[in-house]
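Dear colleague,

Please find the structure below, followed by a short account of what was found in it.

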Amino acid sequence: MEEVLENIFNGILDGDREMVKRNVQQALDASISPGVILTESMIAAMTEVGHRFEAGEYYVPEMLIAARAMKEGLAILKPYLKESDVKAPGRVAAGTVRGDLHDIGKNLVCMMLEGAGFEIVDLGTDVSPDKFVDAIQNRGANLIAMSALLTTTMPNMQVTIDAIKTAGLRDKVKIMIGGAPVTDNYARQIGADGYAPDASRAVALAKTLVA
Ligand code: B1M
């Protein structure tokens with residue numbers, strides 16, 4: 001791997017935002033293709049972060065700082081990616097369900113998905129079922145990502161899926177859910193297409209769902 005790409009890779013693993021930004025700019029200045037920068041250094045680094053997390057070598061804080069470094073690098077790369085037309089694997093409408101204000105996990109999932117090349121429509125927190133429906137109807141979302149951190153707000157995932165069905169849109173989207181109290185069983189029970197326990201596995205699931 002070229003040194004500049006290696007620096008981006010290592011900068012993300014270390015959560016070193018300045019190093020990532022500087023080297024992304026240097027790589028662009030050296031006419032390295034944005035697609036190569038994204039896949040060979042940035043996405044490769046986030047994949048490694050995911051492996052380290054699953055192996056118990058990284059914890060949430062390391063994932064967060066890596067994700068932030070990735071996000072800042074992506075901000076520099078984004079306009080060039082559009083120009084060079086790297087196709088996004090899908091458009092994800094993500095939000096924490098109605099009544100729930102926890103957004104750290106949802107933001108992490110969004111950052112990791114963005115890092116994997118997905119387009120993100122971030123609906124924020126306390127998202128009503130209508131807003132998810134609107135994101136499918138009017139904002140081109142083909143994947144819904146719902147997060148809930150409270151046992152009292154989890155049932156709003158079911159309410160949202162029901163609203164999507166009522167709007168006649170269920171066959172137009174895949175639906176994934178996650179959050180500390182959520183389980184695989186619960187996903188099956190409410191008719192979601194999948195559950196991921198953490199942000200790195202949310203990326204793997206999203207890729208499978210849109211494949
Ligand atoms: Co709240 N809170 N909180 N809180 N809070 C919890 C969730 C709680 C478990 C604390 C506790 O009692 N031990 C408890 C819930 C109990 C329950 O329902 N069983 C609780 C409570 C009770 C409350 C309030 C009701 C407290 C009160 O006011 N009396 C209140 C509710 C407000 C509301 O939402 N309406 C409340 C408020 C808050 C703060 C605002 C202070 C703050 C949130 C700040 C923010 O998010 N901007 C807060 C916090 C920080 C927490 C804890 C401490 C940490 C949550 C967090 O960010 N974790 C939490 C205790 C805990 O979890 N240890 C707690 C880190 C984050 C990276 O993990 O969000 O789990 P997490 O996301 C993970 C995975 O779950 C997964 O990937 C992420 C990364 O690996 N994931 C997905 C998440 N979404 C996914 C979606 C996917 C896939 C994977 O696909 C779509």
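Helix 4, strand 1 (91-97), helix 5, strand 3, strand 4 and helix 9 each contribute at least two residues to the lining of the second largest pocket. Helices (H or I, at least four residues) and strands (E, at least two) are DSSP runs, numbered from the N terminus. A pocket is an open set of points on a 1 Å grid over the protein atoms alone, where a 1.4 Å probe fits, with protein on both sides within 12 Å along at least five of seven lines; lining residues have an atom within 4 Å of a point.

The model is predicted: local features need pLDDT of at least 70, side-chain atom pairs count only at pLDDT 80 or more, and totals for chains, interfaces and linings use all residues. Residues are numbered from 1 along each chain as its sequence is written, and side-chain values use heavy atoms, with hydrogens and water left out.

The second largest pocket is lined by 26 residues, and G105, V109, G179, P197 and D198 lie nearest its centre. Helix 5 gives the most to this lining, with 5 residues. Because domain 1 (2-83) and domain 2 (91-210) both give residues to the lining, the second largest pocket lies between them; the domain bounds come from an automatic or database domain assignment.

Yours sincerely
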